[in-house]
Amino acid sequence: MARRLNELDFDQEVSKNDLMNVLKNEARLIHIQDIMKASNFLREDAKFMPRQERDDYIARFTKAFFTRIKDIKDDPSEYSGNINPGKLSEFLEIQNDLARNAQNDDEKCFHRIASIVATYTAFVREESIHPVGTRFPGGFTLKMVDGVYLCPVKDKQKDTPSALCRFCVSVQDKTLDS
């Protein structure tokens, strides 16, 4: 059985439990220094955002990374079913491309953690990739209504090659103009 994401065999079925075990192994390799580097990348990435939006963005994602890595390490759940290996392979290839094109170590740490967390939320938990409450440009937020994740930017981003929107369970928030 694979122990790392890059060891997964996409020519066969991958169970959610097998993927979860791989993600637990990956999460154990993430240390507080890695989260701090990812936070540094977020700070640099958001430097042109308005101050309040920037501070919220950095705090929310740093907390989400820290919390989700801990959740992955400690998750005792048994998950039923398999994942679509082609879809997971495509998802991870996008993540790997982003990491390969990283400009520095802080950005590489960000993409490494994002890959683990997003794989967990999208493929194992089948939850929105972005945490509920994530603020997007224009002040719109991702929310959950009656068990459905409503994203304010899904339709605008789903065809962007590096965006992960097409893998996310959220749907476009129809209360907003597209």
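Predicted model: local features only at pLDDT ≥ 70, side-chain atom pairs only at ≥ 80, totals over all residues.
**Notebook: rings, pockets and a helix**

I started with the aromatics: ring pairs link F41, F65 and F110 into a cluster. For a pair I took rings of Phe, Tyr and Trp (its six-membered ring) with centres within 6.5 Å; planes under 30 degrees apart are stacked, over 60 edge-to-face, and the rest tilted.

Residues are numbered from 1 along each chain as its sequence is written, and side-chain values use heavy atoms, with hydrogens and water left out.

**Ring pairs**

I counted the pairs by that rule and got 5 aromatic pairs. F41 and F110 are a tilted pair, because their ring centres sit 4.9 Å apart with the planes at 45°. F41 is in helix α2 and F110 in helix α5, so this pair ties together parts 69 residues apart in sequence. Helices here are DSSP runs (H or I, at least four residues), strands likewise (E, at least two), both numbered from the N terminus.

Then I checked burial, where buried means under 20% relative accessible area, exposed over 50%, and partly exposed in between (1.4 Å probe, protein chains only). F41 comes out buried at 14% relative accessibility. F110 is buried too, with a relative accessible area of 14%.

Next I looked up F91 and F123, an edge-to-face pair with 5.0 Å from centre to centre and 70° between the planes. That pair links distant parts of the chain, with F91 in helix α4 and F123 in helix α5, 32 residues apart. F91 is buried at 0% relative accessible area, and F123 is buried at 7%.

**Helix α2**

F41 sent me back to α2. This helix has 14 residues and reaches 20 Å from its first C-alpha to its last, close to the 20 Å expected at 1.5 Å a residue. The expected span is 1.5 Å times one less than the number of residues. Which residues of α2 are buried? I listed D34, I35, A38, S39, F41 and L42. They cover an arc of only 155° around the axis, which puts them on the same side of α2. The arc is taken from the directions from the helix axis to the C-beta atoms.

**Pockets**

I ran pockets and cavities on a 1 Å grid over the protein atoms alone: a cavity is a set of points where a 1.4 Å probe fits but cannot get out, and a pocket is an open set with protein on both sides within 12 Å along at least five of seven lines; lining residues have an atom within 4 Å of a point. Points are joined across faces, edges and corners, and a volume is the space filled by probe spheres set on them.

The largest pocket has a volume of about 1,300 Å³. I found 44 residues lining the largest pocket, with F61, F110, I129, H130 and F136 nearest its centre. The elements giving two or more residues to this lining are α2 (32-45), α3, α4 (85-100), α5, β3, β6 and α6 (154-157). Helix α3 gives the most, 8 residues. By class the lining has 25 nonpolar, 11 polar and 8 charged residues. For the classes, Ala, Val, Leu, Ile, Met, Phe, Trp, Tyr, Cys and Pro are nonpolar, Asp, Glu, Lys and Arg charged, and the others, Gly among them, polar.

The second largest pocket has a volume of about 340 Å³. Of its 17 lining residues, L5, N6, E26, N96 and S115 are the closest to the centre. Here α4 and α5 are the elements that give two or more residues, and α4 gives the most, with 6. This lining divides into 6 nonpolar, 6 polar and 5 charged residues.

**Cavity**

How many cavities of 30 Å³ or more are there? I got 1. The largest cavity has a volume of about 40 Å³. M49, E53, D56, Y57, R60, F61, T134 and R135 line the largest cavity. Helix α3 (residues 51-74) gives the most to that lining, 5 residues. The classes there are 3 nonpolar, 1 polar and 4 charged.

E126 sits in the loop between α5 (105-124) and β3 (135-136), and is partly exposed at 45% relative accessibility. D146 is in the loop between β5 (143-145) and β6 (148-151), and is exposed, with a relative accessible area of 78%.
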